[in-house]
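Work through the exercises below with the sequence and the model in view. Each task is followed by its solution in steps.

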Amino acid sequence: MAVLETYLIYMLYALLGALISVGLSFIPSLHAYNVVGFAVVAYLPFMDTVDPMIPVMLMIGITVGYATLSTISFNYLTIADDSIIFYVLPTSKYLMQGRAHEATVLSGIGALIGMAYVVLVIPLCAPVFVILRNVLSPFMFLIIGFVICFYILSEWPKDFGVGKTPLQRLWDGWSTLLPGLFTFFISSIFGMIIFYKTFVPLNAAFQSIMPAIVGLFAVPSLVINLISKMNIPKQHIAKSVDASWEQILRGSGAGLLGGAFASFVPAVTAGPASLMAGHFTAQRSDRMFIISGGACRFVYYVGAVALFFLPGLNKSKGGLAIMINLFFVPETTEQFYITIAAIAITGFVSFFLLLLVSRGVIKLLEVVNYKYISLVALVLIFIIVAAMTGWQGTLILIVGGLIGMIPALFHARRGNCLAVILTPIMLNMAGVGPTVAGWMGLL
Amino acid sequence: MAEDSSRLQEVNREEAKEKLKDKLAEGQKLFPQEVTKEELKLDSTINMESQFVASEAVLARVCPSCDEPVTVEGDKCNRCGANLVTRRTISGISLSACSLLVVGILFLALASVTTTPITPIDSLTLDDNYKHIRIKGVVSSVPDFYMDKYGYSGTLRFEVNDTTGEITVRSYTIVTKRFIDKDTLDNPRIPGIGDTVDVQGQAIISETSQGITIKSERDLSISKREYQPMAISVIDTAGQYSLTPLTLVEISGKIIKKSNYTSAVSLYVEDGKGHSANVYIPVSVIQLTGVGDVYRCRVGDNVTARGALEWYKDHWEIIPQTTKNFICHAEPIVYNKTTVTELMANVQAYNGKHVELTNVVITGTTTYTFLVADSETSPVNVTVYVAYGATCTAPKTVGQRVNVRGIFVPYGNSWEVKIEAGTDDQVVPAGGN
């Protein structure tokens, strides 16, 4: 009975985490890891008395909820400008057609399939992951290098050189690529500085990369929202979604592939992984893209945690695993099964929360302009970063925000900002990180 | 037959068209899949998902995705491009999500029956380093306790023997504190020599040593201690090979000798027939399980002691796993409240008795003792001697008011109030100041 009581308490905390993530879903660009960081800080004084699995369950619940529900803010509250809206973001297209709820459900379908992968495939294929880790470990830096090359090269060709003179056509062809390359370069330098010479306070060192990531990705999105002139049309709450089984399977397959890759390879996040998987599986449809995104995001965030708990592997990849590792090291098969159970049960609840919250956001947007929500989110982000990392982190946030605005304003791929973690980690894994840092005068 | 079938379809279509016209006249929005088979009276061989009933019905469709009228033929919305026919219902998807709940419960059930297999100590290799392992065996040494600088916890270390080998088990501050806090007589959490334990933890294996580090208090379980009563004469007369080491025994008798060492308290307990047994209580056991009756018991007191047998030099000794298994049957100490003047006027009456002096003043100090009197002007003083480890929280300064509890005993040609360690004896500031 004591065991059942313990498990019930664990599940309740996981569900509490999922409920907390509902609040996050309303705030565009706010990441679960920002909130999870606070949970870690809050737990540390009670390490002597509180079972460490309790905060772990809470953090897993927040992450599962976020992985499922983050699509809400992405679908409803991330507004692309009119020049790229139909080109880059299918979910923005759906939003403008009044189909954001349908896009949300499609993303939820992808997340459901991601949940099935995490709770069924990872436990059954545990030895495969151990073998993969042992085989691939010496070559990780190469894999990351290839990811970087693909990411840069896949942006070409983009613009087709419209202009009267050859020089004008040349400039037109490079007008978005050059800022993208510049963003990649300057993000790499930014990342090296953060990795080797960060001035975030020592007590917040475990969140030293957070201000940079938030600045590079969240701030530009919110600023674009604020300056955008778009109005969100009335949204329809559909009872069915436009998707065939083939599209669901192909989309989720690509998403699983990308998410599994991202959850395994250091520094690679869901975005580039999803892009690579989309190319690999020749994705063409908006529906498949959305489903793929939902699956990829879920497997990336939650799959990484499952791999962290996998006995014999204990791979510490992703912000959540790193933060849990500060106070807890999973060791037993029992802990792994409890984690999988928490993911399954919380995932089940999160899907229904997704449907509810989507309806709630539609009602909210009928009353409140999305610009006000974006403004509140921007202020909240600054407060969270300042509270966690002080004025030093806020400064990093501002610098990151300025860098992140470059691709946003020049219509380059925002993923180039990922160089902030890709480049330093690749160099470190290749063993030349300190050398390069020395050349830069950081050591 | 084929002609009849197609004529039947034509009739059915006409009927359906009429029904739809009626519905349209009522202002109802229709979607082909919302029109039931019964309403259409379609032949079952016709695929409902690919057929439209009437051209007028086509014009009255509403896109289920964007909720706008569809004004063209075909199965796609002309506004948003959504497929009007091939769709998945959200309720169906929600139902399939319920399978996750089932999977979650199954994994919880699996977790409840999952156990780490027991590993024989002699099978551990360097490859097992840092792995989570489980061993079962007997604690073969008195636990060591290395207190940390804060004084409330520390490192617990003991050896476990499972007949194939021996391994050192350790727990560090946080886990040890949990063991100490939760240790009771009925549910022991501090292992003692002779205990059968089941312990899990992280293996620390090197070429020269093997160990386990306990990471959680749930990873150690101690089997119920079953003590067998044994006569003191049996223990006293047994040779080295006559009894089994680490056997759990219980004895009763009177203390005839008590020695306080820095590492242990050693008592000799006699059965009244000339036989005695040595009860050896290590300081680590006292630190881990509490003082209990160890210090308050005196020569002449009747005690009951439970512990494990261990051969030491030329005799058997009994080592308790916990001080809770050492019970002194003497009455609790009663302190006689008195004054310094009365005490020194009736020294024989108070000889050997516990006394309590309230609100007396320190009138002089030496290296190990100080003098107290009822007041600064009182000519009658008594010496107070604070033994090593005894409770003395009052500053030893002349003029300080103190409350004193101790035993009144002769010392040399004089008398003193002796404050003993591990008892309720104490010297504290009077009134809490």
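**Exercise 1.** Locate B:Leu246 in chain B and decide whether this residue is buried, partly exposed or exposed.

Solution. Step 1: B:Leu246 sits in the loop between helix 6 (232-237) and strand 10 (248-260) of chain B; helices (H or I, at least four residues) and strands (E, at least two) are DSSP runs, numbered from the N terminus. Step 2: its phi is positive, about 70 degrees, although B:Leu246 is not a glycine. Step 3: apply the classes, where buried means under 20% relative accessible area, exposed over 50%, and partly exposed in between (1.4 Å probe, protein chains only). B:Leu246 counts as partly exposed because its relative accessibility is 22%.

The model is predicted: local features need pLDDT of at least 70, side-chain atom pairs count only at pLDDT 80 or more, and totals for chains, interfaces and linings use all residues. Residues are numbered from 1 along each chain as its sequence is written, chains are lettered from A and ligands numbered from 1 in the order in which they are written, and side-chain values use heavy atoms, with hydrogens and water left out.

**Exercise 2.** Describe the contact between chain B and chain A.

Solution. Step 1: count the residues, taking contact as heavy atoms within 4.5 Å. Chain B gives 38 residues and chain A gives 48 residues. Step 2: find the buried area, which is the accessible area (1.4 Å probe) that two parts lose on being put together, summed over both. Between chain B and chain A this area is about 3600 Å², and carbon and sulfur atoms give 65% of it. B:Arg88, B:Ile90 and B:Leu100 supply 19% of the area that chain B buries against chain A, more than any other three residues. Step 4: count the salt bridges, each a side-chain nitrogen of Lys or Arg within 4 Å of a carboxyl oxygen of Asp or Glu. There are 2 salt bridges between chain B and chain A. A:Glu102 and B:Arg87 meet in a salt bridge through their side chains, at 3.9 Å from N to O.

**Exercise 3.** Compare the span of helix 10 of chain A with the expected one, then find what covers its buried residues.

Solution. Step 1: helix 10 (residues 177-197) has 21 residues. The expected span is 1.5 Å times one less than the number of residues. From first C-alpha to last, helix 10 reaches 30 Å, close to the 30 Å expected. Step 2: buried residues of helix 10 include A:Leu177, A:Phe184, A:Ser187 and A:Ile194. Step 3: their cover includes helix 8 (140-153), helix 11 (210-227) and helix 17 (370-410) of chain A.

**Exercise 4.** Describe the surroundings of A:Ser187.

Solution. Step 1: A:Ser187 lies in helix 10 of chain A and is buried, with a relative accessible area of 0%. Step 2: leaving out residues up to four places away in sequence, A:Ser187 touches A:Leu216, A:Ile403, A:Asn416, A:Cys417, A:Ala419 and A:Val420. Step 3: A:Ser187 and A:Ala212 are 25 residues apart in sequence and 9.6 Å apart in space, C-alpha to C-alpha.
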